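Please open the structure in a viewer and keep the selection tool at hand.

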Amino acid sequence: PGASYGVLPRPCHALVLLNPQSGAGRALDDFHAVVQPMLADADITPSIFITERPHHAQEKMRDEDLSQWDTLVVMSGDGLLHEVVNGLMERPDWEEAMKKPLCILPGGSGNALAASINYYAGNDHVAKKKLLTNCTFILCKGLHTQMDLVSLSTASGKRFFSFLGFGWGFIADVDIDSEKYRRLGNARFTLGTLQCLARLRVYQGRLSYLPAGPEHGGAPPALPEGGTEGALPADSLLVPLGQPVPASWAVVPEEEFVCVYAIYQSHLGTNLLMAPAARLDDGCIHLFYVRAGISRVALLKVFLAMGRGTHLDLGCPHLHHVPVRAFRLEPRGSAGVMTVDGEALACEPVQGQVHGRLCRIPRA
Ligand code: ADP
Ligand code: MG
């Protein structure tokens, strides 16, 4: 079955969750200057909810009466949408709640999903105000379609639903170390990359995955565990972390990495086209890993090429890309960080699998 399309009603009532601290701290000003006039023209009435602290949006989404809203809009970085998705998935009525179209307007320093939506729409690469204008325009048109999510589980029993990516090693370190430069906007990642390159290190662990195979019909839809209404979607491809991976999985023979990144959208950041082939509902996790032994110069070349999405054409022998349905990462030791949708996570064994078309998102 293909993706189902939808259209927002008019007039349209939008709940806008806005993080005033995201990015350079201009989200509220930009909303009034750029977004509000466009919404007014499109007969979309926004109600603004300003987040006051981490997890505020997540708690609101867990308890909100959703029947009053036609769409939920996030004006922040990817981190706030991660909270919204996970708040919705904590509801007993998550299957119904996840039918509500979600929208992201780039207001943060990490706006990877916004950049990806702009790319899927066939628009030219843009950043800052132009990206905000493009994303607002796509929202105003009102078309929406389905998007895959990835369910991630950790050894300590946490479970997340993720729309963007999971990272460990170099890229995760850049993401988290550069938080202190958030006020620089997207430039935080350039500065962070150069700093992390200077003290490049190796991360030890075991990486396994279930290859996606040649059929590209998307992933099957998520079904509640045991067929019980309200139960979370079952991770049918995974076995418990304490057990060896199933025989159909591949295990990477090398156990020393510079980074591992599992991405499910095209863009890792506004200026990083990591998975040019990725689509909203391709049923794929694009698993990238860089083996240890790569030189600083070669790694820098990979990142520079990623600006245009040509890094896989470099023929770099240390860089690998595999489309997968599920993966497992077992780091040796707990030093360092992991990231989920750009948010920090303590380092521990993690596995994840794709769930087809679990939420709705605007399309051009
Ligand atoms: P950025 O791209 O700039 O990192 P995010 O949307 O990812 O923007 O937000 C970063 C973090 O800020 C999220 O983890 C979110 O929970 C948190 N947050 C939300 N509202 C506030 C607030 N008022 N003050 C501080 N942090 C907040
Ligand atoms: Mg963030």
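Begin with ligand 1 and select Gly77: a polar backbone atom of Gly77 is 2.8 Å from an oxygen atom of the ligand, a polar contact being a pair of N or O atoms within 3.5 Å. This is a predicted model, in which local features need pLDDT of at least 70 and side-chain atom pairs count only at pLDDT 80 or more, while totals for chains, interfaces and linings use all residues. Residues are numbered from 1 along each chain as its sequence is written, chains are lettered from A and ligands numbered from 1 in the order in which they are written, and side-chain values use heavy atoms, with hydrogens and water left out.

Now display helix α3 (residues 78–89) together with helix α2 (residues 56–63): they pack at an angle of about 30 degrees, with their axes 7 Å apart. Helices are DSSP runs of H or I with at least four residues, and strands are runs of E with at least two, numbered from the N terminus. Axes are lines fitted to C-alpha atoms, for helices over the stretch in contact, and angles run from 0 to 180 degrees between N-to-C directions. Helices α2 and α3 are therefore roughly parallel (angles under 35 degrees; over 145 counts as roughly antiparallel). Which residues of α3 meet α2? Leu80, Glu83, Val84, Asn86, Gly87 and Leu88 do so, facing His56, Ala57, Gln58, Met61 and Arg62 in α2; contact means heavy atoms within 4.5 Å.

Move to helix α8 (residues 187–198) and helix α9 (residues 296–306), whose axes come within 11 Å and cross at roughly 160 degrees. That makes α8 roughly antiparallel to α9. Highlight Thr193, Leu194, Leu197 and Ala198 of α8 with Arg296, Leu299, Leu300 and Phe303 of α9, which make the contact.

Two backbone details complete the tour. Select Pro11, in the loop between β1 (6–7) and β2 (12–18); the peptide bond from Arg10 to Pro11 is cis, with omega near -10 degrees. Finally, select Asp43, in the loop between α1 (27–41) and β3 (44–50). Asp43 is not a glycine, yet has a positive phi of about 65 degrees. Most residues other than glycine have a negative phi, and most peptide bonds are trans.

Key. Angles under 35 degrees count as roughly parallel, over 145 as roughly antiparallel, 65 to 115 as roughly perpendicular and the rest as oblique. A polar contact is a pair of N or O atoms within 3.5 Å; within protein, one must be able to donate a hydrogen and the other to accept it, and residues adjacent in sequence count only if both atoms are side-chain atoms.
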